[in-house]
Amino acid sequence: MSALGAAAPEPAAPSADDGMTWWYRWLCRIAGVIGGVSCAFAGLWNCVTINPLNIAAGVWMMLNAFVLFLCEAPFCCQFIEFANAVSARADKLRPWQKAAFYCGMAVFPVMLSLTLTTLFGNAIAFATGVLYGLSALGKKGDAISYARIHQQQKQMDEEKLTGSLEGQAL
């Protein structure tokens, strides 16, 4: 058999199975880039201090900014060889995995140093995780299917009620 037949199948494209529309995917990416910018500036501002916990939180925030840029906008890191590989790997993650990663990444500096700079600097990065988490919940159902489900439940409740009343009468 040829080498092409023995090759492992590639995973499906993320746009085919995650249920995100194109505009929501762009919204998440733009929020990630803005979150990276806010983390970078707030992290740099946080490092201008004497308190070691603030410095650690600021360094972590700048690391968050780098990871957000690497995952959401690899064109910002075009001089880093592995940027496209990391971005392709991040695109294969499910939305709930990205949500957990981004939210966890944004909460850590706030736990290190609870200041307004860390709160506001990580707010948009956290919001990016929330946006990915909302997309993991899926699309909202239409009114017709909800009405059908409600009607079926109501019918089953009525059948149970009439069945119990017939059982009492006998």
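Q: What counts as a helix or a strand here?
A: Helices and strands are DSSP runs, numbered from the N terminus, where a helix (H or I) needs at least four residues and a strand (E) at least two. The model is predicted, so to speak of a local feature takes a pLDDT of at least 70 and to count a side-chain atom pair takes pLDDT 80 or more, while totals for chains, interfaces and linings use all residues. Residues are numbered from 1 along each chain as its sequence is written, and side-chain values use heavy atoms, with hydrogens and water left out.

Q: OK, where does UniProt put the transmembrane regions?
A: The unreviewed UniProt entry places the feature "transmembrane region" at residues 26-45, 57-80 and 101-132. These positions follow the numbering used here, feature names are shortened, and such annotations may be inferred rather than shown by experiment.

Q: How much helix is there in residues 57-80, and how far apart are the end C-alpha atoms?
A: That span is 67% helix and 0% strand, and its end C-alpha atoms lie 24 Å apart.

Q: And what about residues 101-132?
A: Residues 101-132 are 91% helix and 0% strand, with the end C-alpha atoms 10 Å apart.

Q: Switching to charges, how many salt bridges are there?
A: With a salt bridge taken as a side-chain nitrogen of Lys or Arg within 4 Å of a carboxyl oxygen of Asp or Glu, the count comes to four. One of them joins the side chains of Arg29 and Glu72, at 3.8 Å from N to O. Because Arg29 lies in helix α3 (residues 22-46) and Glu72 in helix α4 (residues 52-72), this pair ties together parts that are 43 residues apart in sequence.

Q: Are those two buried or exposed?
A: Arg29 is buried at a relative accessible area of 17%, and Glu72 is buried too, at 3%. Buried here means under 20% relative accessible area, exposed means over 50%, and partly exposed is in between, using a 1.4 Å probe and protein chains only.

Q: Which other residue does Glu72 form a salt bridge with?
A: Glu72 also forms a salt bridge with Lys98, where the closest N and O atoms are 4.0 Å apart. Glu72 sits in helix α4 and Lys98 in helix α6 (residues 95-112), so this pair ties together parts that are 26 residues apart in sequence.

Q: What else does Lys98 bridge to?
A: Lys98 forms a salt bridge with Asp91 as well, the closest N and O atoms being 3.8 Å apart. Lys98 is buried, at 6% relative accessibility, whereas Asp91 counts as partly exposed at 21%. Taken together, Arg29, Glu72, Asp91 and Lys98 are linked in a network of salt bridges.

Q: Which residues is Lys98 in contact with?
A: If we leave aside neighbours within four places in sequence, Lys98 is in contact with Glu72, Ala90, Asp91, Leu93 and Tyr132, where contact means heavy atoms within 4.5 Å.

Q: New topic: how many aromatic pairs turn up?
A: A search of the whole structure finds four aromatic pairs. Trp60 and Phe108 form a tilted one, 4.6 Å centre to centre with 55° between the planes. Trp60 lies in helix α4 and Phe108 in helix α6, so the pair ties together parts that are 48 residues apart in sequence. Tyr102 and Tyr132 form a tilted pair, at 5.8 Å centre to centre and 55° between the planes. That pair links distant parts of the chain, with Tyr102 in helix α6 and Tyr132 in helix α7 (residues 116-137), 30 residues apart.

Q: What makes a ring pair tilted?
A: Rings of Phe, Tyr and Trp (its six-membered ring) pair if their centres lie within 6.5 Å; planes under 30 degrees apart count as stacked, over 60 as edge-to-face and the rest as tilted.

Q: Which residues form a cluster through ring pairs?
A: Ring pairs link Phe101, Tyr102 and Tyr132 into a cluster, and both Tyr102 and Tyr132 are buried.

Q: Which residues have the most contacts inside the largest nonpolar core?
A: They are Cys28, Tyr102 and Tyr132, in a core of 17 residues. Each of α3, α4, α6 and α7 supplies at least two residues of this core. A nonpolar core is a set of buried Ala, Val, Leu, Ile, Met, Phe, Trp, Tyr and Cys residues joined through side-chain atoms within 4.5 Å.

Q: What does Cys28 touch, and how many disulfides are there?
A: Not counting residues up to four places away in sequence, Cys28 touches Met20, Glu72, Thr128, Leu131 and Tyr132. With a disulfide defined as a pair of cysteine sulfur atoms within 2.5 Å, the count comes to zero. Cys28 is buried at a relative accessible area of 0%, and Cys39 is buried at 0%.
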